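Reader: Hi! Could you walk me through this one in plain words? I'll stop you with questions as we go.

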Amino acid sequence: MKVLKYLLAGIVFGIVMAKSEAISWYRIQEMFRFQAFHMYGIIGVAVILGMIGVFLIKKFKIRDYHGNPILFHPKDRSIPRYLIGGVIFGMGWALSGACPGPMVVNIGYGFLTMTIVFLFALVGTYLYGVVKSKLPH
Amino acid sequence: MMTLLTQSWSWWFSGLVISSIMFLLLFFGKSFGFSANLRTICAAAGAGKHVSFFNFNWKAQTWNLIFLVGAILGGFIAATFMSDGSPAHISENTIRDLAELGFSKPESMQPAELYDFSALMTGKGFLILALGGLMVGFGSRYAGGCTSGHAISGLSNLQLPSLMAVIGFFIGGLLMTHVLFPFIF
């Protein structure tokens with residue numbers, strides 16, 4: 001059960017990414033060209049419901065199923081890392097049409113060449129680890 | 001009922017399901033952030049021996065790797081049992097713009113011009129996919145998260161850094177699409 005619940009959550013994630021077409025390079029292009037509301041609607045609904053839910057969790061101090069308080073870990077305040085890192089990420093997102101989640105969903109969907117994108121995302125992550133101390137954060 | 005399953009899902013239903021996944025993970029005592037898996041995989045592969053960034057107790061992240069395996073299965077299930085085979089339903093304007101760059105009308109979720117094996121075999125095709133992946137991997141770790149961690153989880157918690165990251169995602173995406181694409185394709 002311990003393993004199964006995460007597996008099931010992942011399966012639902014994979015299905016919704018595929019059925020919403022968020023895994024599609026075309027949809028990402030459409031989004032960055034502001035030619036449809038679709039992707040904005042998906043992210044917008046998720047974020048608005050997320051805000052309401054997080055607000056309620058904090059207000060009513062809702063606990064997780066272990067009985068521990070649900071905590072949110074604020075990220076460090078800084079600008080360069082989020083902006084520069086974000087820009088690099090965004091360029092890769094538009095080029096490959098996939099952020100990390102959709103990469104693996106695409107592989108399951110049958111687009112096996114997406115494995116190349118995923119492997120190089122691992123290389124990119126490794127390179128970040130190597131040069132981390134030399135970058136502005 | 002079957003058509004409801006096989007046709008593509010609306011934005012509002014999809015958004016609802018995604019936020020449900022985020023809350024489910026919070027209820028399990030975890031947080032929704034997919035790109036952390038990339039770091040975990042590097043660590044599991046032994047990168048921690050050479051680079052301190054990967055020297056952490058990655059086994060505590062096993063749950064997220066299981067989530068990743070589920071995501072692959074979910075993609076397989078969607079393609080095999082829940083698809084009517086229709087291509088991505090993008091707007092006519094996008095189809096026209098992409099045609100100018102040499103992309104034919106969508107026939108599936110991904111353009112054959114990028115994701116067919118034959119495209120990969122051209123050096124340029126390989127470079128595009130490799131560079132795209134490289135930037136996503138490097139950028140997500142530099143920014144401390146990807147779409148799930150920053151755009152969904154972070155904005156839900158009204159985190160300013162996440163807003164900065166999402167603004168960065170869009171600057172990068174717009175730059176690639178509107179400035180660099182004409183040089184690449």
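Predicted model: local features only at pLDDT ≥ 70, side-chain atom pairs only at ≥ 80, totals over all residues.

Author: Happy to. Residues are numbered from 1 along each chain as its sequence is written, and chains are lettered from A and ligands numbered from 1 in the order in which they are written.

Reader: Thanks! Is A:F34 buried or exposed?

Author: A:F34 counts as exposed, because it has 11 C-beta neighbours inside 10 Å. A:F34 sits in the loop between α2 (25–32) and α3 of chain A. Helices here are DSSP runs of H or I with at least four residues, strands are runs of E with at least two, and both are numbered from the N terminus.

Reader: And what is the phi of A:F34 near?

Author: Phi of A:F34 is near 50 degrees, which is positive in a residue other than glycine. Most residues other than glycine have a negative phi.

Reader: Nice. Where does A:K61 lie?

Author: A:K61 is in the loop between α3 and α4 of chain A. Its phi is positive too, near 45 degrees. A:K61 has 8 C-beta neighbours inside 10 Å, so A:K61 counts as exposed.

Reader: Let's zoom out. How many helices and strands does chain A have?

Author: Chain A has six helices and zero strands. Its C-alpha trace spans about 45 × 40 × 35 Å along the principal axes, and 57% of its 137 residues count as buried.

Reader: What about chain B, how many helices there?

Author: Chain B has 10 helices and zero strands. Its C-alpha atoms fill a box of roughly 45 × 45 × 35 Å along the principal axes, and 46% of its 185 residues are buried.

Reader: Back to chain A. Why would you call α4(A) largely enclosed?

Author: Because 15 of the 17 residues of α4(A) are buried, it is largely enclosed by the rest of the structure. Helix α4 covers residues 80–96 of chain A and reaches 24 Å from its first C-alpha to its last, close to the 24 Å expected at 1.5 Å a residue. The expected span is 1.5 Å times one less than the number of residues in the helix. After α4(A) comes A:G97, with a positive phi near 75 degrees.

Reader: And α6(A), what do its buried residues pack against?

Author: The buried residues of α6(A) pack against α4 and α5 (100–109) of chain A, together with α3 (36–44), α6 (112–115), α7 (117–121) and α8 (123–142) of chain B. Among those buried residues are A:F118, A:F120, A:Y126 and A:Y128.

Reader: Can you pick one helix pair across the chains?

Author: Helix α3 (residues 38–59) of chain A and helix α2 (residues 11–27) of chain B pack at an angle of about 40 degrees, with their axes 7 Å apart. Axes are lines fitted to C-alpha atoms, for helices over the stretch in contact, and angles run from 0 to 180 degrees between N-to-C directions. That angle makes α3(A) oblique to α2(B); under 35 degrees counts as roughly parallel, over 145 as roughly antiparallel, 65 to 115 as roughly perpendicular and the rest as oblique. Residues making the contact include A:G41, A:V45 and A:L49 of α3(A), and B:W11, B:W12 and B:F23 of α2(B). The contact divides into 10 nonpolar, eight polar and no charged residues.

Reader: And a pair within chain B, say α9(B) and α10(B): at what angle do they pack?

Author: They pack at about 150 degrees, with axes 8 Å apart, and are therefore roughly antiparallel to each other. That contact has six nonpolar, three polar and no charged residues.

Key
Nonpolar A, V, L, I, M, F, W, Y, C, P; charged D, E, K, R; others polar. Contact = placed C-beta atoms within 7 Å. Buried ≥ 20, exposed ≤ 12 C-beta atoms within 10 Å, placed from the backbone.
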